[in-house]
Amino acid sequence: MAAAAAPPQPPSAAAITLPESTPSGDTLFTRIRLATRDDVPHIHKLIHQMAVFERLTHLFEATTDSLAATLFPPNPPPSFTSFTVFLLELSSVPFPATTDRNFAPILKSIHIDLPIDDPERREFRSNAGDVQTIGNDAAVAGFALFFPNYSTFLAKPGFYIEDIFVRECYRRKGLGKLLLSAVATQATKMGYGRVEWVVLDWNVNAIAFYEQMGAKVLPEWRICRLTGEALEAYATDSSHICFIKSLQSDKCLCS
């Protein structure tokens with residue numbers, strides 16, 4: 001009987017090099033910086049777009065002149081002690097490194113699956129001098145306007161966000177979270193106790209987004225506002241008495 005043939009030698013354990021995987025899509029470079037007086041035209045357009053989205057254009061009265069006068073007065077107070085605007089800019093190339101003694105711009109990059117078609121890119125081209133001098137294609141994508149408030153219960157100041165807005169073509173890409181995180185980060189740096197804002201009750205997407213970020217929506221509170229003729233009446237009639245009632249009882253809290 002013939003001997004069985006020897007089994008074949010096992011293949012050598014040579015290293016196999018695979019090509020590196022490259023994610024599909026594009027990289028979007030973002031910058032959050034302090035707005036300046038030169039940014040007022042963009043801020044005005046963003047506020048108007050927000051009024052359209054919120055179906056409140058009938059209340060929109062702001063002009064570029066009134067915004068410039070109130071947000072950027074001739075002798076402005078120190079940063080973050082009054083009205084502050086964070087501007088969100090986007091670019092297809094990295095932003096230049098800049099220094100600001102008041103606030104170091106926040107630079108991040110995000111991955112997007114598909115290029116973004118921005119039909120208003122030219123109208124929202126950044127006015128920042130550092131990007132214009134190098135031919136950067138930066139565009140303004142959103143903003144957050146906030147100012148200090150105070151909690152008597154915490155005995156600490158905080159920030160109240162009056163507006164936070166991202167243009168439609170840039171939504172659902174995490175950019176709103178960048179803006180909100182920038183305000184919250186600044187609050188913690190300054191030792192503030194909280195950050196607050198309001199949201200329209202029909203904006204369920206925003207409510208879900210805020211809750212995912214850890215924010216508590218307080219349905220038991222209501223906004224009280226005096227404006228227009230109701231406010232002006234107090235300038236001529238000192239007999240007005242303000243009654244604020246708790247939501248749990250009819251007990252008057254001030255008179």
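Modeller: Gladly! Let us begin with F80, found in the loop between helix 2 (64-71) and strand 2. Helices (H or I, at least four residues) and strands (E, at least two) are DSSP runs, numbered from the N terminus. This is a predicted model, where local features need pLDDT of at least 70 and side-chain atom pairs count only at pLDDT 80 or more, while totals for chains, interfaces and linings use all residues. Residues are numbered from 1 along each chain as its sequence is written, and side-chain values use heavy atoms, with hydrogens and water left out.

Colleague: Why does F80 count as buried?

Modeller: Buried means under 20% relative accessible area, exposed over 50%, and partly exposed in between (1.4 Å probe, protein chains only). F80 has 4% relative accessibility, so F80 counts as buried.

Colleague: What is the phi of F80 near?

Modeller: Phi of F80 is near 75 degrees, a positive value in a residue other than glycine. Most residues other than glycine have a negative phi. R172 also has a positive phi, of about 65 degrees, although it is not a glycine. R172 lies in the loop between strand 5 and helix 4.

Colleague: Why does R172 count as exposed?

Modeller: The relative accessibility of R172 is 76%, so R172 counts as exposed.

Colleague: What makes F53 and W202 an aromatic pair, and why is the pair called tilted?

Modeller: Rings of Phe, Tyr and Trp (its six-membered ring) pair if their centres lie within 6.5 Å; planes under 30 degrees apart count as stacked, over 60 as edge-to-face and the rest as tilted. The rings of F53 and W202 are 5.9 Å apart centre to centre, with 50 degrees between the planes, so they form a tilted pair. By this rule the count comes to 13 aromatic pairs.

Colleague: Which parts does the pair of F53 and W202 tie together?

Modeller: F53 lies in helix 1 and W202 in the loop between strand 6 and helix 5 (204-212), so the pair ties together parts that are 149 residues apart in sequence. F53 counts as partly exposed because its relative accessibility is 35%, and W202 counts as partly exposed because its value is 32%. Ring pairs also link F80, F86, F103, F146, F159 and Y192 into a cluster.

Colleague: How do you know that the charged end of R167 sits over the ring of F124?

Modeller: A charge sits over a ring if NZ of Lys or CZ of Arg is within 6 Å of the ring centre and within 35 degrees of the ring normal. The charged end of R167 is 4.2 Å from the centre of the F124 ring. K45 lies over the face of F124 too, at 4.8 Å from the ring centre.

Colleague: What makes the buried residues of helix 5 line one face?

Modeller: In helix 5, A206, I207 and Y210 are buried. Seen down the axis of helix 5, its buried residues fall within an arc of 100 degrees, so they line one face of the helix. The arc is that of the directions from the helix axis to the C-beta atoms. On the other side of helix 5, V204, N205 and Q212 are exposed.

Colleague: What do the buried residues of helix 5 pack against?

Modeller: They pack against strand 5 and helix 4, where contact means heavy atoms within 4.5 Å. Helix 5 is followed by G214, with a positive phi near 100 degrees.
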